[in-house]
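Trainee: I have a model open and would like to work through it. Can we take it one question at a time?

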Amino acid sequence: MRVRVLAFARLRELLGSGTRDLELAEGANVEQVWALLAGGAPALAAFRASTRFARNGALVDAAARVHDGDEIALMPPVGGG
Amino acid sequence: MRAEGERMIGLSAEPLEVDALARAVRTDAHGAVVTFLGTTRETSPDDPRPVAALEYEAYPLVAIPAMEAIAREAEERFGPLGIAMVHRTGAVALGEPSVCIVVAAPHRGPAFDACRFAIDALKSRVAIWKKERYRDGNGAWVENTEIGH
């Protein structure tokens, strides 16, 4: 299955791109999405604990399952205002 | 005229039109209008270099519902309000507003309280990110607190 990953701010810069399409095995969860990306960008590891995840716009835990066509967002601590 | 005025919630890549937002949310049931503007400040809390601009990015799919929830919570806490909450995206030059919150209420107490509540909530939990761009051309991300907290 295929999911689209959006990364913001510092995480976008560390990944070198704000949007990635990933191929994953059926049954994968958000943590596996993170692991796949962190495998190619080791600098991400330091930011795992502060990163929040959204699936199709709703905040989810890293244990949440992902499905074909999902949009998964990686969000660092916010800085609006 | 109802005290539940208009709601204007959004993200804008263009300069904020503060007067238009205030006109849009006030009705004749409102005796108080409080406007908060967050503006680009030259001094950073974390870095000695002078700030030339702030650069904002947002995730609208998460940010807009969160801003709408804040407006609803403000009404639950402080009574019927007109409320505008608009945040800039992209580069915001020194002195320019990056966020505008306007609250119109029957009286000044709830107008001040709801405006303070709305900006504090926005800073703590809306999916918007900020980079300080210094006059020397370098930049650094500035974080408020973790989303959802």
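Trainee: How many residues does α3(B) have, and what span does it reach from its first C-alpha to its last?

Mentor: Helices (H or I, at least four residues) and strands (E, at least two) are DSSP runs, numbered from the N terminus. The expected span is 1.5 Å times one less than the number of residues. α3(B) comes close to the 26 Å expected; it has 18 residues and reaches 26 Å.

Trainee: What kind of model is this, and how is it numbered?

Mentor: Residues are numbered from 1 along each chain as its sequence is written, while chains are lettered from A and ligands numbered from 1 in the order in which they are written. Local features need pLDDT of at least 70, side-chain atom pairs count only at pLDDT 80 or more, and totals for chains, interfaces and linings use all residues, since the model is predicted.

Trainee: Why do the buried residues of α3(B) line one face?

Mentor: Buried means 20 or more other C-beta atoms within 10 Å of a residue's own; exposed means 12 or fewer, and partly exposed lies in between, with C-beta atoms placed from the backbone. The buried residues of α3(B) include P110(B), A114(B), A118(B) and L122(B). An α-helix has 3.6 residues a turn, so residues three or four places apart point the same way. Taken as directions from the helix axis to the C-beta atoms, the buried residues of α3(B) line one face because they fall within an arc of 165°.

Trainee: Which exposed residues does the face turned away from the buried side of α3(B) carry?

Mentor: Look away from the buried side. The exposed residues on that face of α3(B) are R108(B) and G109(B).

Trainee: What covers the buried residues of α3(B)?

Mentor: Contact means that two C-beta atoms, placed from the backbone, lie within 7 Å. The cover of the buried residues of α3(B) includes β2, α2, β4 and β6 of chain B.

Trainee: What is the order of the open sheet with mixed pairing in chain B?

Mentor: Two strands pair if DSSP finds at least two bridges between them. This open sheet has four strands and mixed pairing, in the order β1-β4-β6-β2 (chain B).

Trainee: Why is one side of β1 and of β2 in chain B left without a neighbour in the sheet?

Mentor: β1 (7–12) and β2 (32–39) of chain B stand at the edges. One side of each is left without a neighbour because each has a single partner strand.

Trainee: How many residues has the largest nonpolar core?

Mentor: A nonpolar core is a set of buried Ala, Val, Leu, Ile, Met, Phe, Trp, Tyr and Cys residues joined through C-beta atoms within 7 Å. I83(B) and A118(B) are among those with the most contacts inside the largest one, which has 57 residues.

Trainee: Which strand of chain A holds V5(A), and is V5(A) buried or exposed?

Mentor: V5(A) touches R20(A), L22(A) and V33(A), among others, not counting residues up to four places away in sequence. V5(A) is in strand β1 (residues 2–7) of chain A. With 24 C-beta neighbours inside 10 Å, V5(A) counts as buried.
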